[in-house]
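Please read it alongside the sequence and the coordinates.

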Amino acid sequence: MKGARLDMPRWGMVIDLDKCTACQACVVACQVENNVAFMGPSEAQRGRAIFWMKLAAFPEGKFPESKVRFMPMPCMHCDDPPCAKVCPVDATNITPDGIVRQIFSRCIGCRYCTTACPYTRRYFNWYKPEWPGESSMALNPDVSVRPKGVVEKCTLCHHRLQNAREKAISEKRPLAPGEYIPACVESCPPKAMYFGDLDDPNSEVAQLSRSSRAFRLLEELGTKPKVIYLREGERSGVNRS
Amino acid sequence: MSTVADVVSESFPVNDEALFRPIETTTARFHITVVVLLTFTCFMLGAYARQLWLGLGVTGLNTPVYWGIYITNFVFFIGISHAGTLISAILRICHAEWRRSITRAAEVITVMVLFFGAGSVVVDLGHPERALNILFHPNFRSPLLWDVCSVTMYLTASVLYLYLPLIPDLALLRDRGRKRTWLYGVLALGWTGTPRQKHLLERAIAVMAIVVIPIAVTVHTVVSWVFAMTVQPMWHSTIFGPYFVVGAIFSGIAALLIALAIIRHVYHLEEYLKQIHFRHLGQLLLVMALLWFYFTFAEHLTVFYGAEPEEMHILFSKLTGPFAFGFWAMVACCFLIPVPILAVPRWRTVKGTVWASAFIVVGMWLERYNIVVPSLSQPRVLPSRMVYFPSLTELLITLGFFSTFILFYVLFTKFFPIVSVWEVQEGREKSLEEVCERVSGYIPLPMTEADNYRNLRRPQSIR
């Protein structure tokens, strides 16, 4: 990983698809936490809606044997992110602790990163973001509101990390496990999502990532995603064959 | 017995007044043309102002299809730019004597169209006012930054390469003293045509002709790399560099042919831009059409035979899916229609080559579109549910780019000779002798006529 440091954690997420009920609580929590604008139904119809965390549906088979698999998809926070490579102005890059961030104030809006991301996990502000009526009162003061014309994406609730780190520093102690978790993980009702330091061999995420059910999306592209999925089948018996 | 030089001076018109006429006399037709072109420019400015004010939401772009016809135009315009510098440089280096009256028209296309190529990217930016971040925070791993570097270099080299052969003509205009004498005086840099000046100019042009060729090849290769360096299906292809360069030269020659035909018709330069120019360029165009087909076929067959699901989605969206019309129109415009026209000598006339070129220009624009949009519509995960169609804003800006490019080109012909006067004159004075010498240099047995000619000239050149 570029810019990795030994004393730094490497934040990662594990999503257990066996436990996931596709309830979209993570999606809503993310929208609210990160001031993601809802562009309204007409813009959503045109494919302009922004979802840092998106519940992706993968239809399989033909009727009547058809079914749909669901997969919550945040930014994969690749260790070798194709988006960061192509940004001409270094407005997106990977922090030493492995978070792929976006510098909104530097982004020129060329959308090269959005086309280079094989997961389609980056979004563009086609218009000035708007929060109709009272919803503008509910904006999170910790997260900047993006202007029109820049790219935005999941930051693993980076502001939560900053807050937790500041608190730990003021109390002169290291960051405790579980002190920093993103909003999606926190809100998951069936507790299907786990978050922590992938470099710490004893952490829950590190242990789960070694599970035989563990897989990463489009692993063959060599992007080394830090969002790890646990395959369906252990409990639901989907993989009967 | 009359010498060859005598025959030459008898058979050619000696005064080149026709070449100065476009600069010194202006017709009503010119004014109408400018007004029409300016109207489209104004529409473009209005549309762009609205886009700046409201955001890129006024385009037809959406979440997987992040790039549309602006980027198509970018690739297309940069491609057209290969008309000039590359063709003119290659012809110069090869001592192709028929180049003399077409090089200027070609080089101007390059310089003018590059502004619109670069402009297409700026129009596509969400925050154009931050474009200079490219200098403040450059990321040299980004192919887009490579593009900025190579296009800048290409523009600089092309401007120089246009300007150098323009100097003697500027001096001619200055010495005529009819219009804008001060402007030509400043730009001519004190050219008087002394042997030393001529020698330096020839050297400089020769050096630039060699320098611009690798730069031109680099530019379009790097444009292709913007796509090919990503891991996206049907973009991530090693063939893209040469494929784009071939397509660029192809569309460039077509654009040049159209420009030459219009210049010839409007300014009555039939004596300078003859059938033979169109025939030769038509032959070049035919070669490029075949090369283009070869690359296109190789690219698509490889994808089809390999049958990777991700690439197959995109391939079939082009062959039979929502992009089928554009794809087959491209095949027709770039290959099926122009190749017969260009291959049959009877049809390779001025009219024939211009018709073929018109189809090719449209076809090559479609080719760029077929590369940019289908791949973006079918990403590996979360494919698009709707078909991208450009909005009115995008169409107006595109139209405006084309009309403003033509406007700049038309204005150039009103300020500077569009056919290089001194090069045509030089051709009349020197090229026949040079060609005879060159040919007699490699013909194994003595050639009676040329030998006679050389024997006549030799005592003079010693003196």
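Predicted model: local features only at pLDDT ≥ 70, side-chain atom pairs only at ≥ 80, totals over all residues.

The buried residues of α19(B) include Trp422(B), Glu423(B), Val424(B) and Gly427(B).

Helix α19 of chain B covers residues 421–442, and at 1.5 Å a residue its 22 residues should span 32 Å; the C-alpha atoms at its ends are 31 Å apart, which agrees with that expectation.

## Chain B as a whole

The secondary structure of chain B consists of 20 helices and zero strands. Its radius of gyration is 24 Å, close to the 23 Å that the globule rule gives for 463 residues, and chain B is therefore as compact as a globular protein of that length. Taken along the principal axes, the box filled by the C-alpha atoms of chain B is roughly 80 × 55 × 40 Å.

Of the 463 residues in chain B, 45% are buried. When contacts in chain B between residues at least 6 apart in sequence are considered, 81% of them join residues that are at least 24 apart.

## The largest nonpolar core

The largest nonpolar core has 186 residues, and those with the most contacts inside it are Met193(A) from chain A together with Ile109(B), Phe250(B), Ile253(B), Leu256(B), Leu257(B) and Leu285(B) from chain B. Helix α12 (residues 240–266) of chain B gives this core its largest share, which amounts to 17 residues. If residues up to four places away in sequence are not counted, Phe250(B) touches Met288(B), Ala289(B), Trp292(B), Ile360(B) and Met364(B).

Tyr243(B) is also found in helix α12 of chain B. Is Tyr243(B) buried or exposed? Tyr243(B) has 24 C-beta neighbours inside 10 Å, and because the threshold for a buried residue is 20 or more, Tyr243(B) counts as buried. Again leaving out residues up to four places away in sequence, Tyr243(B) touches Ser224(B), Phe295(B) and Glu299(B). Tyr66(B) lies 177 residues from Tyr243(B) along the chain, and the C-alpha atoms of these two residues are separated by 23 Å.

## A covered strand in chain A

Strand β1 of chain A, formed by residues 11–16, is mostly covered, with six of its six residues buried. Trp11(A), Met13(A) and Ile15(A) point one way from β1(A), whereas Gly12(A), Val14(A) and Asp16(A) point the other way, and all of these residues are buried.

Which strands pair with β1(A)? One of them is strand β8 (residues 193–197) of chain A, which pairs with β1(A) in the antiparallel sense over five bridges; here Gly12(A) has Gly196(A) in β8(A) as its bridge partner. Another is strand β10 (residues 227–230) of chain A, which pairs with β1(A) in the parallel sense over four bridges, and in this pairing Met13(A) stands opposite Val227(A) of β10(A).

## Where the two chains meet

The contact between chain A and chain B takes 34 residues from chain A and 35 residues from chain B. On the side of chain B that touches chain A, α7 (133–136) and α8 (143–163) of chain B each supply at least two residues. The largest share of that side comes from α8(B), which contributes three residues.

Note on methods:
Residues numbered from 1 in each chain as written. Chains lettered and ligands numbered in written order. Core = buried A, V, L, I, M, F, W, Y, C linked by C-beta atoms within 7 Å. Buried ≥ 20, exposed ≤ 12 C-beta atoms within 10 Å, placed from the backbone. Contact = placed C-beta atoms within 7 Å. Rg over C-alpha atoms; globule rule 2.2 N^0.38 Å. Pairing = 2+ DSSP bridges. Expected span 1.5 Å × (residues − 1).
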